[in-house]
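Colleague: I am new to this structure, and I would like to learn how its features are read. Could you take me through a few of them?

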Amino acid sequence: MSVTISFNNVIKKYNDKPVISGLSLDIKKGEFFTLLGPSGCGKTTLLRMVAGFNSIEGGEITFDDKVMNRITPQHRNIGMVFQNYAIFPNLSVKNNVAFGLKNRKIPKDEIERRVDHILDVVQISQFKNSMPENLSGGQQQRIALARAIVMEPNVLLMDEPLSNLDAKLRVDMREAIKLIQHEVGITTVYVTHDQEEAMAVSDRIAVMNAGVIQQVGTPREIYQRPANIFVSNFIGRTNIVERSLKKVDSRQVLIMDEHYQIDIDNITLPEEEVIKVSIRPEEFTISDTQEGMAGVIQHSVFLGINVHYTVKLSNGENVEVTEESTLGEPLEPGTEVKLLVNREKINLFHYESEKNILEGDSYAK
Amino acid sequence: MQNKMAGRKDIWSAITLGILLLYALVLVLPLFTLLKESIFKDGALSFEHFGEFFGKKYYYSTLFNSLKVTVAVTLASLVIATPLAYIMTTFKIKGKLYLQILILISSMAPPFIGAYAWILLMGRNGVVTNFLSDVFHITMPDIYGFSGILIVLTLQLIPLIYMFMMGAFKSIDNSLIEAAESMGYTGFKKVWKVIMPLMVPTILAGSLLVFMRALADFGTPMLIGEGFETLPVLIFNEFTSEMGGNAGFAAAISVIVVVIALTIFLLQKYITNKKSFSMSALHPIKEKKESGIKNVVAHLFVYGYLALAILPQLYVVYTAFLKTSGRIFVKGYSLDSFKAAFTRSGDTIVHTFTLGLIALFFVILIAILIAYVTVRRRNAITNGLDIISMVPYIVPGSVLGVALLLGFNNKPFLLSGTATIIIIAFVIRRLPYTIRSSAAIIHQISPSIEEAAASLGASNLKTFFKITLPMMLPGVISGAILSWVTIISELSTSILLYTVNTKTMTIGIYTEVIRGNYGVAAALSTILIAITVISLLIFFKLTGRKEVSL
């Protein structure tokens with residue numbers, strides 16, 4: 001039933017202005033694949049090209065090697081879930097879900113059976129005969145999901161399906177979506193600008209910016225080994241600092257400040273000395289000893305599990321540091337501290353190209 | 001992300017082309033014939049008709065008359081409608097809900113009934129005139145001519161600007177007012193420096209509508225103008241003159257009228273484009289209960305206006321129940337006028353319903369289709385269709401009547417004298433308004449609803465009929481009622497096109513007034529007003545709204 005989707009050098013233009021120029025990507029059968037990026041990065045455009053609502057100006061999109069470019073949305077056998085749900089307000093819940101099946105001239109009793117089953121799966125059976133206007137946003141989104149998957153589509157497309165829901169419901173619904181997707185096993189393309197949501201639901205994620213895919217990988221890969229500075233900044237929070245990488249004796253050493261240096265081994269030394277270093281707030285530790293980068297606490301924010309500190313380094317740079325909260329008050333502003341860096345987890349980038357220069361792990365695959 | 005379907009050929013392209021062809025035939029062709037007639041004489045290019053018009057005072061004075069009436073009516077309507085809307089928005093007025101409805105009803109009643117009513121009251125033999133001269137020996141100034149037209153048209157058109165203004169006042173956020181007050185702007189200064197500038201686009205749009213209506217109005221100057229002829233009256237007289245109408249000359253005057261209307265239309269568009277901004281109010285202005293002299297003046301103003309707008313028409317209804325002897329009213333009450341109306345003019349009631357309902361059907365059908373393609377399939381062709389469909393907005397009814405008669409006077413399109421030509425006139429005159437309101441409804445429907453249907457395998461037509469149309473329906477029905485009300489009160493085009501077999505109630509009333517059969521005219525007017533009021537009450541009931549946008 002479900003298919004692989006291939007993008008082969010795909011081009012999209014609006015009024016002769018290219019917004020996507022030559023994009024290639026493969027999405028595996030049954031995979032939950034997310035297009036992630038800031039607004040205007042082309043992710044929704046790309047999704048709507050898969051759906052057939054946007055024309056394709058160059059290259060091709062294939063489902064299992066079948067070229068889709070000229071096929072209308074009606075004939076692509078897709079299921080689509082929209083940001084505003086797009087529930088038909090003039091039809092009851094049951095008739096919304098049965099809308100596509102009726103169009104296929106499927107026998108009445110089979111429609112009934114399939115609708116009942118899918119309403120069970122998305123857990124809205126009790127609203128079967130309600131009109132949509134009486135239902136909450138979360139319930140409407142479940143209808144939209146049921147309406148799409150009851151068709152047993154080759155591909156399930158979701159365009160920011162959770163962005164109109166409130167924060168708590170969003171978390172509940174993304175669990176539900178993930179669960180249901182695994183149960184039915186349809187190749188799914190999901191669009192969101194929320195990186196946490198992307199990581200929660202996806203098998204793999206493509207991070208996009210300005211119409212170009214920056215990195216494709218599992219949530220862990222793109223978080224731990226971002227391919228470039230953009231990904232590193234967009235996924236989670238991070239501090240980007242400029243430091244030099246030097247060869248000292250036979251070792252490669254990252255010079256954090258005059259008293260604190262870190263050995264780096266999984267790297268071939270670039271020609272330039274100066275590189276960019278991405279250190280996430282949680283990869284700093286406030287040291288108990290005298291070892292570490294010298295800094296002064298500027299201010300702190302208590303957030304329950306963690307405390308966020310802004311620390312001014314000796315060279316005047318401010319960095320964000322996250323520490324697990326402990327009993328008692330956070331450190332006072334003005335306190336002098338030493339910061340240790342978790343050597344394994346930081347990422348190093350080429351100064352000009354801003355590409356990751358670390359070797360090992362799987363980011364390069 | 002908006003041009004998703006643009007350029008794709010589907011069933012809607014065919015529908016667009018079909019409607020475009022229809023427009024070319026029933027609107028563009030007649031208007032070109034009109035233009036041709038105006039600049040050709042005896043087969044040769046000649047501007048003699050225009051020369052004749054501008055050469056004789058009797059002719060060109062009508063141009064000044066029309067401009068005088070139009071400008072005066074527009075200004076007077078603005079001067080009265082602005083405080084009216086302001087008071088209705090910001091003051092607590094007793095019985096406001098009913099006042100709103102009455103104001104709207106007063107605007108939907110056929111305009112020439114207003115003229116007729118004022119003649120009954122203040123004409124040479126009017127009750128007020130007679131009363132004043134008998135009791136106080138005061139001779140009233142003459143109601144006929146400019147002053148009569150001004151009074152009747154102004155009272156008729158105030159609600160149009162009023163409705164525009166009410167909408168705009170509602171979109172002003174109260175915080176803007178509060179911000180102004182906190183900076184020391186209060187009272188008149190607040191209204192003049194803060195609120196009125198926000199209303200400028202609305203005032204311009206409303207004024208344009210009033211200007212067009214006043215310029216095009218035929219029934220009022222015809223009935224109450226007497227020697228004071230306006231352009232539409234001149235067109236009618238020249239075209240239907242008993243000494244063999246002069247089509248070419250009437251066509252030339254028509255062209256002049258259209259040029260004036262077009263100039264004003266473009267001017268308004270130009271200014272509006274420069275001044276436009278959009279507002280939406282999270283917290284609309286709330287009405288306040290005022291006390292003392294302010295409160296009394298506000299109430300007097302609103303009730304006084306409404307009395308002037310409605311009482312004359314009520315007097316017409318009253319006279320319908322008076323006993324008549326021949327052509328004059330006598331003491332006592334009876335239903336004789338109604339009996340006479342049904343026996344002599346019963347067929348006009350039937351014609352009004354049959355022609356009106358058929359026209360209404362086509363208005364709705366075509367408006368929905370045009371609105372759909374212009375909103376959802378924006379491209380050069382649908383834009384063209386949008387523009388063509390708006391042309392009747394600036395072409396006065398009498399001009400359209402002349403154009404249709406000239407265009408369809410010969411085979412293969414010999415339509416003059418048929419019901420078809422009247423229906424065509426009704427449909428193209430009403431379409432601009434209905435297309436606008438339908439388009440507004442479609443704009444409220446998210447395109448993703450249709451994409452959802454497409455993704456579920458439904459064809460374009462199926463999506464339209466199963467999803468889009470049912471969602472539009474409530475709005476379309478209420479729009480249809482308003483169309484119906486305006487269609488049945490149409491006079492300026494049908495008076496040129498009608499025959500015995502297609503005579504409608506409005507024409508019936510007009511001819512009875514001209515003949516002096518005031519009883520029958522009053523009875524027919526009463527029936528027409530009753531149909532209008534009942535239709536509007538259904539509209540209010542269905543929509544739960546207190547306002548109408550044309």
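Colleague: In which helix does A:Gln141 lie?

Modeller: Please keep in mind throughout that this is a predicted model. A:Gln141 lies in chain A, in helix H4, which covers residues 137-149.

Colleague: Is A:Gln141 buried or exposed?

Modeller: The general idea is that a residue counts as buried when its relative accessible area is under 20%. A:Gln141 has a relative accessible area of 1%, and it is therefore buried.

Colleague: Which residues is A:Gln141 in contact with, leaving aside its neighbours within four places in sequence?

Modeller: Contact means that heavy atoms come within 4.5 Å. With those neighbours left aside, A:Gln141 is in contact with A:Val81, A:Phe82, A:Gln83 and A:Tyr85, and also with A:Pro161, A:Leu162 and A:Met173.

Colleague: And what share of chain A do buried residues make up?

Modeller: Of the 365 residues in chain A, 52% are buried. The chain has 8 helices and 20 strands, and its C-alpha trace spans about 75 × 50 × 35 Å along the principal axes. Among the contacts in chain A with a separation of 6 or more, 65% are between residues 24 or more positions apart.

Colleague: Turning to the surface, which residues gather in a patch of positive charge?

Modeller: The patch of positive charge on the surface brings together A:Lys102, A:Lys105 and A:Lys108 with B:Lys466. One of these residues, A:Lys102, has its place in helix H2 of chain A, which covers residues 93-103.

Colleague: Why does A:Lys102 count as partly exposed?

Modeller: Partly exposed is the class between buried, under 20%, and exposed, over 50%. A:Lys102 has a relative accessibility of 45%, so it counts as partly exposed.

Colleague: How far apart are the mean positions of the positive and negative charges of chain A?

Modeller: Chain A has 40 positive and 50 negative charges, and their mean positions are 9 Å apart. As for the surface itself, chain A exposes about 17000 Å², of which carbon and sulfur atoms supply 47%.

Colleague: Which residues form the nonpolar patch on the surface?

Modeller: The nonpolar patch is formed by B:Leu473, B:Ile477, B:Ile534, B:Ile538 and B:Leu542, which together have about 450 Å² of accessible area. Two elements of chain B, helix H19 (460-488) and helix H22 (518-543), each give two or more residues to the nonpolar patch. The largest share, 3 residues, comes from H22(B), and B:Ile534 has its place in helix H22 of chain B.

How values were computed
Residues are numbered from 1 along each chain as its sequence is written. Chains are lettered from A and ligands numbered from 1 in the order in which they are written. This is a predicted model: local features need pLDDT of at least 70, side-chain atom pairs count only at pLDDT 80 or more; totals for chains, interfaces and linings use all residues. Side-chain values use heavy atoms; hydrogens and water are left out. Patches are made of residues with over 30% relative accessible area and no salt bridge: like charges are joined within 9 Å, nonpolar side chains (Val, Leu, Ile, Met, Phe, Trp, Tyr) within 5 Å. Accessible areas come from the Shrake-Rupley method with a 1.4 Å probe; for residues, only the protein chains shown count as cover. A salt bridge is a side-chain nitrogen of Lys or Arg within 4 Å of a carboxyl oxygen of Asp or Glu. Lys and Arg count as positive and Asp and Glu as negative; His and the chain ends are not counted. The place of a charge is taken as NZ of Lys, CZ of Arg, CG of Asp or CD of Glu. Helices (H or I, at least four residues) and strands (E, at least two) are DSSP runs, numbered from the N terminus. Buried means under 20% relative accessible area, exposed over 50%, partly exposed in between (1.4 Å probe, protein chains only).
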